[in-house]
Every structure is written in C-alpha cells, then in structure tokens.
Amino acid sequence: MAIEITARTREWLKKKGGVATVRLSTRHGCCGGSADIAVAEARTPDEPGSYKRLELDDVTLYIDPTLVDQGLKVDIEGFLGLRYLMVEGVSPTRSKE
C-alpha cells in the first residue's frame, strides 16, 4: 500500500470532510540549510492534478507523487479537541524532484 492511515485518523477525517493531502514542505534552518518534511492537511490541494489520488475506506487522499510507496503512516495527535495530522516514515532530507 502507498500509505497507511490509522483507523482513528480515518474517522477524524470523515468528520472533517473526508479529504487529506500529504505533501512535502520545505523547512529552513537557522544556519542556511533546509529540509523537506512530509506534512498532512485535512483539505484538498490547490492543484489536485499534481497529486496521486487514492481512495482509502471512504477517505480521499491526495499524495505528492514523490512520496508514493514510501511506507508512510498518517496519524492524528493532540488533546482537548485540538487535533492535527502528522506523517511518519519519510526522511526529512528527501528532495523534491
């Protein structure tokens, strides 16, 4: 499978519209370096045609093509009703190609 979404995350996403995007986001370091970090958002991407679309248990997932088949896992974290998506399993140094 291209990506794993935990059961609790699928249920949370269904309440938020049933759509998520997994993409790379560049983070800049204090000394001039940078790294691409995989991030997940509960929304449709601005350019859906640039992503691979997957249907997983009533959840539509848009995933950056460079992240397909990387063994990623999407989960939720947070407390007191403040939840956010997180991605595990990809090197922060993977470059956009």
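1. The term salt bridge is used here for a side-chain nitrogen of Lys or Arg within 4 Å of a carboxyl oxygen of Asp or Glu. The model is predicted. By this rule the count comes to eight salt bridges.

2. Arg-8 forms a salt bridge with Asp-75, with 3.0 Å between the closest N and O atoms. Because Arg-8 lies in helix α1 (residues 7-15) and Asp-75 in strand β6 (residues 72-79), the pair ties together parts that are 67 residues apart in sequence. The two ends are classed as follows: Arg-8 is partly exposed, with a relative accessible area of 44%, whereas Asp-75 is buried, with a value of 9%.

3. Which residues are linked in a network of salt bridges? They are Arg-23, Glu-41, Arg-43 and Asp-46. One of the bridges is formed by Asp-46 with Arg-43, where the closest N and O atoms are 3.3 Å apart. Asp-46 counts as exposed at 69% relative accessibility, and Arg-43 counts as partly exposed at 34%.

4. Strand β6, which holds Asp-75, also pairs with other strands. Three bridges join strand β1 (residues 3-5) to β6, and these two strands run parallel. In this pairing Ile-3 stands opposite Leu-72 in β6. Seven bridges join β6 to strand β7 (residues 82-88), and here the direction is antiparallel. Lys-73 stands opposite Glu-88 in β7.

5. The hairpin of β6 and β7 has two residues between the strands, and Leu-80 takes a positive phi near 55 degrees in this hairpin. As background, most residues other than glycine have a negative phi.

6. Is Thr-60 buried or exposed? Thr-60 is found in strand β5 (residues 59-63) and counts as buried, at 11% relative accessibility. Leaving aside residues up to four places away in sequence, Thr-60 touches Gly-18, Val-19 and Ala-20, as well as Arg-53, Leu-54 and Glu-55.

7. Two aspartates should be read alongside the point on phi. Asp-57 has a phi near 50 degrees, a positive value in a residue other than glycine. Asp-57 sits in the loop between β4 (52-56) and β5, and the residue is exposed, with a relative accessible area of 51%.

8. Asp-69 is likewise not a glycine, yet has a positive phi of about 60 degrees. Asp-69 is placed in the loop between β5 and β6. The residue is exposed, with a relative accessible area of 58%.

Note on methods:
Residues are numbered from 1 along each chain as its sequence is written. This is a predicted model: local features need pLDDT of at least 70, side-chain atom pairs count only at pLDDT 80 or more; totals for chains, interfaces and linings use all residues. Side-chain values use heavy atoms; hydrogens and water are left out. Helices (H or I, at least four residues) and strands (E, at least two) are DSSP runs, numbered from the N terminus. Buried means under 20% relative accessible area, exposed over 50%, partly exposed in between (1.4 Å probe, protein chains only). Two strands pair if DSSP finds at least two bridges between them. Contact means heavy atoms within 4.5 Å.
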